Amino acid sequence: MVELRGEEKRIYVADMFSRISGRYDLMNAIMTLGMDRRWRKLAAKTAGHSLEGAALDVATGTGDLAFQLAKTIGITHVTGLDLIEPMITRAQKKARNNKGSIPVSFIQGDALALPFPDDSFACVTSAFSLRNMPDVALALKEMKRVVKPGGRVLSLETMPSSRGLFRPLVRVHFRTIVPILGAMIAGDRSAYTYLPRSVEGFHSSDALADIFKASGLTDIRHQSLAFGAVHIHWGTKRN
(Lines give C-alpha, C1' and ligand atoms only; values in the text may rest on other atoms or scores of the structure.)
Protein backbone atom coordinates (compact mmCIF):
# COMPACT_ATOMS: atom_id res chain seq x y z
CA MET A 1 0.00 0.00 0.00
CA VAL A 2 3.02 2.30 0.24
CA GLU A 3 2.87 2.80 -3.53
CA LEU A 4 -0.58 4.40 -3.30
CA ARG A 5 -0.86 7.94 -4.62
CA GLY A 6 -3.35 10.80 -4.63
CA GLU A 7 -6.94 10.23 -3.51
CA GLU A 8 -6.42 6.48 -3.19
CA LYS A 9 -3.67 7.08 -0.63
CA ARG A 10 -5.75 9.68 1.17
CA ILE A 11 -8.65 7.22 1.60
CA TYR A 12 -6.39 4.36 2.70
CA VAL A 13 -4.50 6.46 5.24
CA ALA A 14 -7.69 7.99 6.65
CA ASP A 15 -9.22 4.55 7.18
CA MET A 16 -6.01 3.18 8.70
CA PHE A 17 -5.58 5.98 11.26
CA SER A 18 -9.25 5.76 12.17
CA ARG A 19 -8.77 2.07 12.99
CA ILE A 20 -5.66 2.54 15.13
CA SER A 21 -6.61 5.80 16.88
CA GLY A 22 -7.40 4.02 20.14
CA ARG A 23 -3.89 2.58 20.47
CA TYR A 24 -2.00 5.31 18.61
CA ASP A 25 -0.38 6.97 21.63
CA LEU A 26 0.56 3.68 23.26
CA MET A 27 2.11 2.32 20.06
CA ASN A 28 4.11 5.53 19.54
CA ALA A 29 5.56 5.23 23.02
CA ILE A 30 6.41 1.56 22.59
CA MET A 31 7.88 1.89 19.07
CA THR A 32 10.16 4.75 20.09
CA LEU A 33 10.89 3.58 23.65
CA GLY A 34 9.26 6.79 24.85
CA MET A 35 11.60 9.02 22.85
CA ASP A 36 8.77 10.50 20.76
CA ARG A 37 7.85 12.80 23.66
CA ARG A 38 11.38 14.20 23.81
CA TRP A 39 11.40 14.72 20.03
CA ARG A 40 8.10 16.59 20.14
CA LYS A 41 9.34 18.75 23.00
CA LEU A 42 12.42 19.69 20.99
CA ALA A 43 10.34 20.31 17.86
CA ALA A 44 7.99 22.64 19.73
CA LYS A 45 10.87 24.57 21.28
CA THR A 46 12.51 24.97 17.87
CA ALA A 47 9.29 25.98 16.12
CA GLY A 48 8.35 28.68 18.61
CA HIS A 49 11.81 30.01 19.44
CA SER A 50 11.77 33.84 19.68
CA LEU A 51 8.28 34.03 18.14
CA GLU A 52 5.04 35.37 19.56
CA GLY A 53 1.47 34.55 18.62
CA ALA A 54 -0.72 31.60 17.71
CA ALA A 55 0.59 28.23 16.54
CA LEU A 56 -0.92 25.62 14.22
CA ASP A 57 -0.17 21.90 14.33
CA VAL A 58 -1.13 20.19 11.06
CA ALA A 59 -2.16 16.52 11.04
CA THR A 60 -2.05 16.77 14.81
CA GLY A 61 -3.28 13.24 15.52
CA THR A 62 -4.13 13.03 19.21
CA GLY A 63 -2.53 16.42 19.83
CA ASP A 64 0.76 15.64 21.56
CA LEU A 65 2.80 18.21 19.60
CA ALA A 66 0.03 20.79 19.99
CA PHE A 67 0.22 20.44 23.77
CA GLN A 68 3.99 20.82 23.65
CA LEU A 69 3.60 24.00 21.60
CA ALA A 70 1.29 25.35 24.30
CA LYS A 71 4.19 25.12 26.75
CA THR A 72 6.47 27.20 24.53
CA ILE A 73 7.30 30.75 25.60
CA GLY A 74 5.62 33.32 23.34
CA ILE A 75 2.87 31.04 22.04
CA THR A 76 -0.55 32.46 22.93
CA HIS A 77 -2.92 29.87 21.44
CA VAL A 78 -2.57 26.53 19.66
CA THR A 79 -4.85 25.01 17.06
CA GLY A 80 -4.52 21.36 16.10
CA LEU A 81 -5.98 20.23 12.79
CA ASP A 82 -6.46 16.69 11.54
CA LEU A 83 -8.43 14.97 8.79
CA ILE A 84 -9.31 11.97 10.95
CA GLU A 85 -12.36 12.44 13.18
CA PRO A 86 -11.46 9.75 15.77
CA MET A 87 -8.03 11.38 16.23
CA ILE A 88 -9.63 14.80 16.78
CA THR A 89 -12.10 13.29 19.25
CA ARG A 90 -9.22 11.90 21.32
CA ALA A 91 -7.29 15.18 21.12
CA GLN A 92 -10.34 17.12 22.31
CA LYS A 93 -10.72 14.74 25.24
CA LYS A 94 -7.09 15.42 26.19
CA ALA A 95 -7.72 19.17 25.89
CA ARG A 96 -10.54 18.96 28.43
CA ASN A 97 -8.09 17.44 30.88
CA ASN A 98 -5.27 19.82 29.97
CA LYS A 99 -4.19 21.99 32.91
CA GLY A 100 -2.06 24.38 30.88
CA SER A 101 -2.68 28.13 30.88
CA ILE A 102 -2.54 28.43 27.06
CA PRO A 103 -5.75 27.49 25.20
CA VAL A 104 -5.49 24.51 22.85
CA SER A 105 -8.32 23.76 20.42
CA PHE A 106 -8.80 21.09 17.77
CA ILE A 107 -10.68 21.08 14.47
CA GLN A 108 -11.16 18.65 11.62
CA GLY A 109 -9.64 19.81 8.34
CA ASP A 110 -7.49 19.02 5.32
CA ALA A 111 -3.74 19.72 5.38
CA LEU A 112 -3.84 20.28 1.61
CA ALA A 113 -6.46 23.04 1.92
CA LEU A 114 -6.00 24.67 5.31
CA PRO A 115 -9.12 26.59 6.38
CA PHE A 116 -7.24 29.71 7.50
CA PRO A 117 -6.38 33.06 5.92
CA ASP A 118 -2.86 33.87 4.78
CA ASP A 119 -0.39 35.00 7.45
CA SER A 120 -2.39 33.67 10.42
CA PHE A 121 0.18 31.91 12.64
CA ALA A 122 3.56 32.58 14.22
CA CYS A 123 4.58 28.98 13.51
CA VAL A 124 3.12 25.92 11.80
CA THR A 125 4.24 22.37 12.57
CA SER A 126 3.63 18.75 11.62
CA ALA A 127 4.85 15.57 13.28
CA PHE A 128 5.19 12.15 11.65
CA SER A 129 2.61 13.08 9.02
CA LEU A 130 4.17 14.46 5.83
CA ARG A 131 5.05 11.01 4.53
CA ASN A 132 1.39 10.00 4.77
CA MET A 133 0.11 12.94 2.73
CA PRO A 134 -0.87 12.56 -0.93
CA ASP A 135 1.10 15.69 -1.88
CA VAL A 136 4.01 16.72 0.36
CA ALA A 137 4.87 19.79 -1.70
CA LEU A 138 1.31 21.13 -1.53
CA ALA A 139 1.13 20.47 2.20
CA LEU A 140 4.27 22.53 2.79
CA LYS A 141 3.02 25.32 0.52
CA GLU A 142 -0.19 25.47 2.55
CA MET A 143 1.77 25.55 5.81
CA LYS A 144 3.92 28.35 4.41
CA ARG A 145 0.84 30.25 3.20
CA VAL A 146 -0.79 30.46 6.63
CA VAL A 147 2.36 31.33 8.59
CA LYS A 148 3.13 35.01 9.16
CA PRO A 149 6.11 36.69 7.48
CA GLY A 150 9.10 35.98 9.69
CA GLY A 151 7.32 32.91 11.07
CA ARG A 152 8.53 29.33 11.00
CA VAL A 153 7.36 26.10 9.36
CA LEU A 154 8.66 22.87 10.92
CA SER A 155 8.30 19.15 10.38
CA LEU A 156 9.28 16.28 12.67
CA GLU A 157 9.50 13.15 10.57
CA THR A 158 10.76 9.59 10.49
CA MET A 159 12.98 9.15 7.44
CA PRO A 160 15.00 6.45 5.68
CA SER A 161 18.00 5.77 7.91
CA SER A 162 21.34 6.71 6.45
CA ARG A 163 24.32 4.44 6.36
CA GLY A 164 25.82 3.70 9.74
CA LEU A 165 26.41 1.18 12.45
CA PHE A 166 22.81 1.22 13.66
CA ARG A 167 21.08 1.06 10.27
CA PRO A 168 20.58 -2.76 10.32
CA LEU A 169 19.09 -2.56 13.81
CA VAL A 170 16.72 0.22 12.76
CA ARG A 171 15.58 -1.77 9.71
CA VAL A 172 14.94 -4.92 11.78
CA HIS A 173 13.01 -2.89 14.34
CA PHE A 174 10.75 -1.25 11.75
CA ARG A 175 10.33 -4.19 9.37
CA THR A 176 9.94 -7.04 11.87
CA ILE A 177 9.31 -5.92 15.43
CA VAL A 178 6.89 -3.02 14.78
CA PRO A 179 4.39 -5.12 12.73
CA ILE A 180 4.39 -7.79 15.45
CA LEU A 181 3.76 -5.18 18.14
CA GLY A 182 1.04 -3.65 15.97
CA ALA A 183 -0.72 -6.99 15.74
CA MET A 184 -0.39 -7.70 19.46
CA ILE A 185 -1.19 -4.26 20.90
CA ALA A 186 -3.23 -2.41 18.28
CA GLY A 187 -4.77 -5.50 16.69
CA ASP A 188 -3.77 -4.20 13.26
CA ARG A 189 -0.67 -5.73 11.72
CA SER A 190 -1.38 -4.24 8.27
CA ALA A 191 -1.32 -0.67 9.60
CA TYR A 192 1.98 -1.22 11.37
CA THR A 193 3.38 -2.88 8.28
CA TYR A 194 2.40 0.12 6.14
CA LEU A 195 3.82 2.73 8.52
CA PRO A 196 7.41 1.36 8.59
CA ARG A 197 7.32 0.81 4.82
CA SER A 198 6.15 4.40 4.33
CA VAL A 199 9.36 5.55 6.01
CA GLU A 200 11.52 3.63 3.55
CA GLY A 201 9.59 5.10 0.62
CA PHE A 202 9.81 8.69 1.84
CA HIS A 203 12.20 11.47 0.80
CA SER A 204 15.73 11.68 2.11
CA SER A 205 16.61 14.51 4.47
CA ASP A 206 18.25 16.50 1.66
CA ALA A 207 15.30 15.94 -0.67
CA LEU A 208 12.83 17.16 1.96
CA ALA A 209 14.99 20.24 2.54
CA ASP A 210 14.73 20.92 -1.21
CA ILE A 211 10.92 20.71 -1.02
CA PHE A 212 10.97 23.19 1.89
CA LYS A 213 13.00 25.53 -0.30
CA ALA A 214 10.75 25.04 -3.32
CA SER A 215 7.73 26.03 -1.21
CA GLY A 216 9.27 29.48 -0.79
CA LEU A 217 10.74 29.07 2.68
CA THR A 218 14.22 30.39 3.43
CA ASP A 219 17.01 29.66 5.90
CA ILE A 220 16.26 25.93 5.72
CA ARG A 221 17.82 23.92 8.54
CA HIS A 222 17.53 20.42 9.91
CA GLN A 223 18.57 18.33 12.87
CA SER A 224 19.13 14.58 12.90
CA LEU A 225 17.93 12.45 15.82
CA ALA A 226 17.82 8.76 16.72
CA PHE A 227 20.90 7.81 14.68
CA GLY A 228 19.43 9.48 11.61
CA ALA A 229 16.04 7.75 11.74
CA VAL A 230 14.23 10.96 12.77
CA HIS A 231 14.77 14.49 11.45
CA ILE A 232 13.50 17.95 12.28
CA HIS A 233 13.38 20.33 9.30
CA TRP A 234 12.42 23.97 9.54
CA GLY A 235 12.39 27.12 7.46
CA THR A 236 11.32 30.75 7.68
CA LYS A 237 8.81 32.73 5.62
CA ARG A 238 10.32 35.89 4.15
CA ASN A 239 9.30 39.18 5.76
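## Accessibility and the predicted model

Partly exposed describes a residue whose relative accessible area falls between the buried limit, under 20%, and the exposed limit, over 50%. Asp119 has 36% relative accessibility, so this residue counts as partly exposed. The model is predicted. Its salt bridges come to 11.

## Asp119 and Lys237

Asp119 forms a salt bridge with Lys237. The closest N and O atoms are 2.6 Å apart. Asp119 sits in the loop between β3 and β4, while Lys237 lies in the segment after β7 (230-236), so the pair ties together parts 118 residues apart in sequence. Lys237 has 11% relative accessibility and therefore counts as buried.

## Arg145 and its two partners

Arg145 forms a salt bridge with Asp118, with the closest N and O atoms 2.8 Å apart. The pair links distant parts of the chain, 27 residues apart. Asp118 is in the loop between β3 (104-108) and β4 (121-127), and Arg145 is in helix α6 (residues 136-146). Asp118 counts as partly exposed because its relative accessibility is 49%. Arg145, at 22%, also counts as partly exposed.

Glu142 has 11% relative accessibility, so Glu142 counts as buried.

## A salt-bridge network

Salt bridges also link Glu7, Arg10 and Asp110 in a network.

Conventions: Residues are numbered from 1 along each chain as its sequence is written. This is a predicted model: local features need pLDDT of at least 70, side-chain atom pairs count only at pLDDT 80 or more; totals for chains, interfaces and linings use all residues. Side-chain values use heavy atoms; hydrogens and water are left out. A salt bridge is a side-chain nitrogen of Lys or Arg within 4 Å of a carboxyl oxygen of Asp or Glu. Helices (H or I, at least four residues) and strands (E, at least two) are DSSP runs, numbered from the N terminus. Buried means under 20% relative accessible area, exposed over 50%, partly exposed in between (1.4 Å probe, protein chains only).
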